[in-house]
Amino acid sequence: MPEPIPSTKPGKLALAVDIGGTKVATALVDLNGQVIGEIQTNPVPFLPDGRADGQALTALILAEVKRYDRQMVGVGLSLCGNVDEDTGLVPLSPNLHWRYYPFGSMVSDAVNLPVSAATDVRMAALAESIWGAARGVRFFAWATIGTGYGGYLFLDGKLYRGFHGYAGNFGHNTWDELTGEMCGCGKKGCVETFVSGPGIARAGQRAVDAGAGDNIRQLAGNGPLQSRHIFQAAAQGDPAARQVIEEVIRLTAINLASLVNILDLQMIVVGGGIAHADPNYVDWLAVRVRDFLMTDEAKRDLQIVKETFLNAALIGAAADVFQRQGLIQNQILGAVR
Ligand SMILES: [Zn+2]
């Protein structure tokens, strides 16, 4: 397959905005997915009642628009939560404490430019499909493993949102509701509670409490035990830490293989903090996942790769602006929404 080259018209820029649970990042991005200048990061402003301050965020975005006035064709908003891509309405963002919040229209009224908005995992998948590892790939999943575990799907050349816009929550498939922890989603024993950063830290703590994991204990010192301590201890050869990591890889591989068995994917792009916790993490996953794939064809062809960008959602917010205006195209089927 020849390497697809994104079609571009030089000189046009988008303001990309990624609003997470604690930080808001903004950057000017060009038609090649390159950040022009620096990524600005600020804390998300919150109101006394606990909700994120949408007016203050809008003012922050307007200030960036004015600062970068030249050649800007639009503003892309990546948001942690569920977003209606047509209206910019946020039906639910647990981290920002928004319920049916019209953030997209607030920003577009203020900046007088085209504004697009979508959930962060969708933006990240879009960035990987336009400028990243999944360029030219017709069927893939974006998976992000950090504080949580989730992702987004790109099926038959298109981003796939599902009936309510909740597709891609494979981290919230149940692994063990009997012995599992409560999950942030309200269910018990989701895969996320076992394989995310907090889940790995809990498993390490259990090992230490049982009298094993000397290296884990030494690395954590007097501070709270974190997932990186388990990865470091495993790299040092600590048997208990290695057992924890092997179990995490096994559960994640089972979960991702199930996705491939159902959807017949070509590729899974893995990102998030845990994907970088050990340089071999993604390779371990790529090997282990094959134990749970049904077909020889999937075992032969499935690629599991590390994310291209450290800020894929931010870069994807710009891709969304360009794609909606027809300035860039996905190279598989032509213009894809
Ligand atoms: Zn859950």
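Which side chain does Glu247 meet in a salt bridge? The partner is Arg250, at 3.0 Å from N to O. The model is predicted. Both residues lie in helix α8 (residues 239-263), and because they are three residues apart there, about one helical turn separates them. Glu247 is partly exposed, with a relative accessible area of 34%. Arg250 also counts as partly exposed, at 26%.

Side chains of opposite charge can pair when their charged atoms come close. The salt bridges in this model number 11.

Another of them joins Arg122 to Asp320, with 3.7 Å from N to O. This pair links distant parts of the chain. Arg122 sits in helix α3 (residues 120-131), while Asp320 sits in helix α11 (residues 312-324). The two are 198 residues apart. How accessible is Arg122, buried or exposed? Arg122 has a relative accessibility of 4%, so it counts as buried. Asp320 is buried as well, at 1%.

Arg122 and Asp320 also belong to a network.

Now turn to the loops. Arg138 and Asp156 form a salt bridge of 3.1 Å, N to O. Arg138 lies in the loop between α3 and β8 (140-145). Asp156 lies in the loop between β9 (149-155) and β10 (158-160). Here 18 residues separate the partners, and the pair again links distant parts of the chain. Arg138 is partly exposed, at 30% relative accessible area. Asp156 is partly exposed too, at 40%.

Technical notes
Residues are numbered from 1 along each chain as its sequence is written. This is a predicted model: local features need pLDDT of at least 70, side-chain atom pairs count only at pLDDT 80 or more; totals for chains, interfaces and linings use all residues. Side-chain values use heavy atoms; hydrogens and water are left out. A salt bridge is a side-chain nitrogen of Lys or Arg within 4 Å of a carboxyl oxygen of Asp or Glu. Helices (H or I, at least four residues) and strands (E, at least two) are DSSP runs, numbered from the N terminus. Buried means under 20% relative accessible area, exposed over 50%, partly exposed in between (1.4 Å probe, protein chains only).
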